[in-house]
Amino acid sequence: MAFNDLLLQLGGVGRFQQIQVALVVLPLFLLASHNTLQNFTAAIPSHHCRPPAHSNLSEDGGLAAWLPQDRQGQPASCLRFTSPQRGPPFPNGTETNGTGATEPCSDGWIYDNSTFPSTIVTEWDLVCSYRALRQLAQSLYMVGVLLGAMIFGYLADRLGRRKVLILNYLQTAVSGTCAAFAPNFPAYCAFRLLSGMSLAGIALNCVTLNVEWMPIHTRAYVGTLIGYVYSLGQFFLAGVAYAVPHWRHLQLLVSVPFFAFFIYSWFFIESARWYSSSGRLDLTLRALQRVAWINGKREEGAKLSMEVLQASLQKELTMAKGQASALELLRCPTLRRLFLCLSMLWFATSFAYYGLVMDLQGFGVSIYLIQVIFGAVDLPAKLVCFLIINNMGRRPAQMASLLLAGICILINGVIPRDQSIVRTSLAVLGKGCLASSFNCIFLYTGELYPTMIRQTGLGMGSTLARVGSIVSPLVSMTAEIYPSVPLFIYGAVPVAASCVVALLPETLDQPLPDTVQDVEDRRKGKRRQQQREQQKQMVPLQVSTQEKNGL
C-alpha cells in the first residue's frame, strides 16, 4: 500500500497529473454527443404521403385532396387516398364523401425540412411501417457499448490502459467517420455498433488511468471533473446540432476530433500501478522516473531504484504472479460480494435513468431546449454529490442519490397527469439524482476493486448498466396494464438498490487496493475497528459495575 507515498514523493498532483488528466478527460466532452446523437440525427420531422406520380395537383384540387386527416385535423402521416377527394374529409381519416378508400404511402413521403433538413429518417424513410428501424439503430449502438465494456475492460487488465485507449480513439474516429458516409442503413448501423464498443472502452479507461495516477485525496475531484465534462458535452451537442442540422455533417463533426485524440494519446504514460500489479518492475521504475522528471522532482526520481521499488511494492509483486481473470469475480468470495452488490447499483442506475429520460420527452418545447435542460440539471446535482463524496463519503452519496431518485419517480406515479409542472419538476430532480449516481458509481467501483482486476470489474459494471438500458424500454410496455405501472417499477428498483449500498465498505481517504488480499485486509480492518469500539464501550460499563458492587 506504499504506492500513494511514492506518488506524493514525486510531486503529488504535479505538472504531469494536470496535463494527462486534462488530455484523457477531453474526449469525454464528445462522448456525451455520441450517446445522445440520434436525438438529432434520427429526429422525425412531420411528414405525409407523396401523391402518385401520375397525379395533377392543379386539377385534383391540391395536395389536400390526396391526404386524409387524423383525429386532430392534421394530414395523416402514413395513409393517402387512392383517388383525389374534392370534398372535405371526415375527421377519422378512413372515408370521405367520395369513395374514401386509403392506401399506404407507396410513392414515399414529403417531409417538413424547416427544423431538420436531413436525418437518417428522411434519407432512408424510417417512418410508418419502417419506424422500428430507427430504434434498431440506437439499440445496436447500446449493444456495442455492452460488448465494448466486456471486451475492452478485460483487455485493459491484460494489455494495459494506454494501449486500449489508443485503439479505442482510432476505432471511434474511423467508425464514426464511416457512419457519416454510410451508403445505406445497414452499413450505418454496423458503424454505430463499432462506435459504441470503442466509446465504452474510452469511458472505462479514462476513469481508471486517471484514478491510478492520482493521490488519495484528489480522486473525488477527478471523478467530479469527469462528470462535469460529460454534462458540458450535452450543452455542446445542443449548440452544434442547432448550428449543423444536416445529420451527415453533424456525425462527421463529432467523430473527426478523435483522430487528434488518437495522435496525442501516444504520449500518455501507462499506469505504473498496473505495471507493478503485472509484475513489470522495470517498466514501473521507468514510468515513475518519467513522471518525476515532468513534475520537476528529478532528485526524488534519481533516488528510485529496483531495490527501493522491490521493498516498497513487495506485496504487489508477490501477488502479481497470479493474474486475475473475470471468473475471479465469482470464484473469490470477497470479490463475489463486491461484484453482486455493484452489479445491482449499475443496473438500477442505468435502468431508472433511461426509463426517466424516455418519460421526459413530453416537454412540448424545442428538442434543443430539452437537451439543454438535461445538461443543466446535472450541474447543481453533481456539485452536491461532490460535496457529499468528499466530506461524508462515497457510500452516503451513492445511497442518497439512488433513494431520492426512486422516491421522485414513485411520487410521479401517483400524481395526476394534469399536474404537468409538478410531474416535470420531480422528473428533472430524479434525473439529476441519477446523473449523480452515475458520477459516484464510476469512482466508487474503481476504488473498491483491486488493481489486478479493476478494469474488468468496471467493464462488468458497465455491462450491467447497458443491460439496464436495454431492459428499460421493455418495461414501458406495461403501461397498457395501467399508465403508472412503469413509473412504479422504475422507482422501486433504485430504492431497493440503495439498500445494497449498506453492504459495501467506505473508501473515503482509503488507499487503492492492489490485490484481493488488500480488499480482505480492508474488510478485516473494519471488523477490528468495530470490535475495538465495542470494547471501549464495554470498559466503562465494567468499571461502573465494579464500583456498584464495591458500594
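So, how many aromatic pairs does the count come to by the ring-centre rule? The rule takes rings of Phe, Tyr and Trp (its six-membered ring) and pairs them if their centres lie within 6.5 Å; planes under 30 degrees apart are stacked, over 60 edge-to-face, and the rest tilted. By that rule we get 18 aromatic pairs.

One of them is Trp124 with Tyr188, a tilted pair at 5.9 Å centre to centre, with 50° between the planes. Trp124 sits in helix α6 (residues 120–124) and Tyr188 in helix α9 (residues 185–212), so this pair ties together parts 64 residues apart in sequence. Helices here are DSSP runs of H or I, at least four residues, numbered from the N terminus. Trp124 is buried at 18% relative accessible area, buried being under 20% with a 1.4 Å probe, protein chains only. Tyr188 is buried too, at 0%.

Next, Tyr353 and Phe438: their ring centres are 5.5 Å apart with the planes at 80°, so that one is edge-to-face. Tyr353 belongs to helix α19 (residues 333–359) and Phe438 to helix α22 (residues 420–448), so parts 85 residues apart in sequence get tied together. Both residues are buried.

There's also a cluster: ring pairs link Tyr169, Phe258, Phe261, Tyr264 and Phe268.

And a charge over a ring, meaning NZ of Lys or CZ of Arg within 6 Å of the ring centre and within 35 degrees of the ring normal: Arg192 lies over the face of Tyr141, 4.2 Å from the ring centre.

Housekeeping: this is a predicted model, where local features need pLDDT of at least 70, side-chain atom pairs count only at pLDDT 80 or more, and totals for chains, interfaces and linings use all residues. Residues are numbered from 1 along each chain as its sequence is written, and side-chain values use heavy atoms, leaving out hydrogens and water.

Technical notes:
Helix = DSSP H or I, 4+ residues; strand = E, 2+ residues; numbered from the N terminus. Buried < 20%, exposed > 50% of the residue type's maximum accessible area, 1.4 Å probe, protein only.
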